Amino acid sequence: MASVKIIDLVLHGKSTHSYNPPLYMPTYSKLSLEPSQISCNSMNSSRISLRPFKLSDANDFLKWASDDKVTRYLRWNTITSREEALTYIEKLATHPWRQSICLDDQSIGYVSVKPEQSDDMCRAHVSYVVSAEYWGQGIATVALRMAMCRVFRELPCLVRIEALVEVENKGSQRVLEKVGFLKEGLLRKYGYCKGEIRDMFIYSFLSTDKIM
């Protein structure tokens, strides 16, 4: 779904950052929507939620993380065993902000926000992915809206969130634009993924921007 520099999404990368406690203290933000304001194309959006991953998600995680169509734009390779899935989920415990996208509390993807370090902590990269079984139903858009509603409150140092998306990844570009991300331009031969150096579009969303 999106190829974003953590992304694995596409925002990929290793979760090695450490953050000071104040970064996680909730603050008031105008980026809040009522559940009724977050719409989904073909299902009740109340069925969609974001929560931390649990070890019990391993089997559901494996269903979509083992699909080459889903991992095509991810930095990490397709996961092929339950043991790999468990190891991956365990590592997520150190990630600053990666949430399972759930449908009726069943894990069908993730949305990830990874802040930069030190003086660049005002900026983060976002990535997201959804099981191919649920493509075209607006779930990624709803999940990303939910994430944008929360992340600026939970990580109050953030001012800007960026997404990097491969030029050919039209679906992810549509998701970002529906949520309100601004396409800032083309970065030529910018990102390495799956053996290729690829052109990327860069999108941004600011804490003062309006969620669409």
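**Close-up views of a predicted model**

**View 1. Ser-118 sits in the loop between β3 (106–115) and β4 (123–130).** The model shown in these views is predicted. Most residues other than glycine have a negative phi. Ser-118 is not a glycine, yet its phi is positive, near 55°. Is Ser-118 buried or exposed? Ser-118 counts as exposed because its relative accessibility is 60%, and the cut-off for exposed is over 50%.

**View 2. Lys-189 also has a positive phi.** The value for Lys-189 is about 45°, although this residue is not a glycine. Lys-189 belongs to strand β6, which covers residues 182–193. With a relative accessible area of 58%, Lys-189 is exposed.

**View 3. Strand β5 (residues 160–166) is largely enclosed by the rest of the structure.** Why is this said of β5? Seven of its seven residues are buried, so the strand is largely enclosed. Arg-160, Glu-162, Leu-164 and Glu-166 point one way from β5. Ile-161, Ala-163 and Val-165 point the other way. Residues on both sides are buried.

View 4. How do β4 and β5 run, parallel or antiparallel? They run parallel, and three bridges join them. Arg-123 has Arg-160 in β5 as its bridge partner. β4, helix α4 (residues 139–154) and β5 together make a β-α-β unit, and this unit is right-handed. Strand β7 (residues 196–206) runs antiparallel to β5, with seven bridges between the two. Here Ile-161 has Phe-205 in β7 as its bridge partner.

**View 5. Arg-51 forms salt bridges with Asp-57 and Asp-105.** In the pair with Asp-57, the closest N and O atoms are 2.8 Å apart. Both Asp-57 and Arg-51 are buried. The side chains of Asp-105 and Arg-51 meet at 2.7 Å, N to O. This pair links distant parts of the chain, 54 residues apart. Asp-105 lies in the loop between β2 (98–103) and β3, while Arg-51 lies in strand β1 (residues 48–51). Asp-105 counts as partly exposed, at 41% relative accessibility. Arg-51 has a relative accessible area of 12%, so it is buried.

**View 6. Arg-160 and Glu-162 form a salt bridge.** Their closest N and O atoms are 2.7 Å apart. Both residues are buried. The structure holds 13 salt bridges.

Terms used:
Residues are numbered from 1 along each chain as its sequence is written. This is a predicted model: local features need pLDDT of at least 70, side-chain atom pairs count only at pLDDT 80 or more; totals for chains, interfaces and linings use all residues. Side-chain values use heavy atoms; hydrogens and water are left out. Helices (H or I, at least four residues) and strands (E, at least two) are DSSP runs, numbered from the N terminus. Buried means under 20% relative accessible area, exposed over 50%, partly exposed in between (1.4 Å probe, protein chains only). Two strands pair if DSSP finds at least two bridges between them. A crossover is right-handed if, with the strands pointing away from the viewer, the path from the first strand over the helix to the second runs clockwise. A salt bridge is a side-chain nitrogen of Lys or Arg within 4 Å of a carboxyl oxygen of Asp or Glu.
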